Amino acid sequence: LGCGDAHLTSQLLETVPAKSYTGVDLSGRALAFAEKNISPRAGQCRLEQGDLAGFIAESTDTFDAILTGYSLHHLTTGAKQAFLRHARARLRPGGRLVVYDIFRQPDESLATYHGRYLAWIRRDWTQMSEREHDLIDRHIRHNDLPETVADLLAMAQAAGFECSHKSAVDPAGDHVVIGLSKDARDL
C-alpha cells in the first residue's frame, strides 16, 4: 500500500515468491513503473490508483502480507489508528503487516522533527538545487506527520497486532522497519 514504483518489493519477490500482488498508489505514473517491476515476478498482478487508507478500509480482499513503505507518515494519528484496524481485518490468519517509514525521536515534537530532518536533508543531499530543496521542505512541513516508534507500536497493539520485528535502518533511527503479526502465536 503506497507501493510507488514497487522497486524494493520487486527485489523482495526475487527471493520470496508470490502467487499474487496487489499494489495501490496515488500516482498513476508510479503504477506504470510498478507494473514493469512486478509483473515478471508475481503470478497475478493487480494495480489500483487510490489512497491506501481508503483502499484498506473498503477492501473485502484478504492478504497474507501487507507492506507499506514511506506512506503511513502522511496520515493523521486517527487515520493511522483506523488504517491499522482495517489492515489487521484484511490479513489472513498468520498474516503480517510490514511498515517501513520515517519516525520522530522519543519526546520529539513534530516541529522539532521537521527542523532536524530538513537540516539533515539540506546538509547531506548536496546534489539538489535550492528549488528542489524548497519543494521537499514544503512537502515535508505540510504532509509529513510521523509518530514515534513507541506511539505507532501502541496503536498497533490497540489494533490487535503483536510486534514481531523492529530495526532502525539508519544510525539516527529516523527510518525504521516494523514487522507486525496478526496472531501472537506467529511471533
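Predicted model: local features only at pLDDT ≥ 70, side-chain atom pairs only at ≥ 80, totals over all residues.
Biologist: In which sense do S3 and S4 pair, parallel or antiparallel?

Modeller: S3 and S4 are parallel, with six bridges. Within that pairing, isoleucine 66 has leucine 97 of S4 as its bridge partner.

Biologist: And how many bridges join S4 to S6?

Modeller: Seven bridges link strand S4 (residues 91–102) with strand S6 (residues 175–181), and these two run antiparallel. Leucine 97 has leucine 180 as its bridge partner in S6. Leucine 97 is also the S4 partner of isoleucine 66.

Biologist: What should I keep in mind about side chains when I look along a strand?

Modeller: In a regular strand the side chains alternate between the two faces of the sheet.

Biologist: Where else does the chain make a β-α-β crossover?

Modeller: Look at strand S1 (residues 18–25) and strand S2 (residues 42–49), which pair in the parallel sense over seven bridges. In this pair, serine 20 stands opposite glutamine 44 of S2. From S1 the chain passes through helix H2 (residues 28–38) to reach S2, in a right-handed β-α-β crossover.

Biologist: How do I read the packing of two helices, and at what angle do H4 and H7 pack?

Modeller: Two packed helices are described by the angle between their axes and the distance between the axes. For H4 and helix H7 (residues 149–158), the angle is about 45° and the axes are 9 Å apart. H4 is therefore oblique to H7. Their crossing is right-handed.

Biologist: Which residues make that contact between H4 and H7?

Modeller: On H4 they are Thr77, Lys80, Gln81 and Leu84, and on H7 they are Leu152, Met155 and Ala156. Sorted by class, the contact has four nonpolar, two polar and one charged residues.

Biologist: At what angle do H5 and H6 pack?

Modeller: Helix H5 (residues 110–124) and helix H6 (residues 130–143) pack at about 160°, with axes 11 Å apart. That angle is over 145, so H5 is roughly antiparallel to H6. The crossing of H5 and H6 is right-handed.

Biologist: Which residues of H5 and H6 make the contact, and how many of them are charged?

Modeller: H5 contributes His114, Gly115, Tyr117, Leu118, Ile121 and Arg122. From H6 come Glu130, His133, Asp134, Ile136, Asp137, Ile140 and Arg141. By class, this contact of H5 with H6 has five charged, five nonpolar and three polar residues.

Key. Residues numbered from 1 in each chain as written. Heavy atoms only, no water. Axes fitted to C-alpha atoms, helices over the stretch in contact; angles between N-to-C directions. Helix = DSSP H or I, 4+ residues; strand = E, 2+ residues; numbered from the N terminus. Parallel < 35°, antiparallel > 145°, perpendicular 65-115°, else oblique. Left-handed = near helix turned anticlockwise from the far one by under 90°. Contact = heavy atoms within 4.5 Å. Nonpolar A, V, L, I, M, F, W, Y, C, P; charged D, E, K, R; others polar. Pairing = 2+ DSSP bridges. Right-handed = clockwise from strand over helix to strand, strands pointing away.
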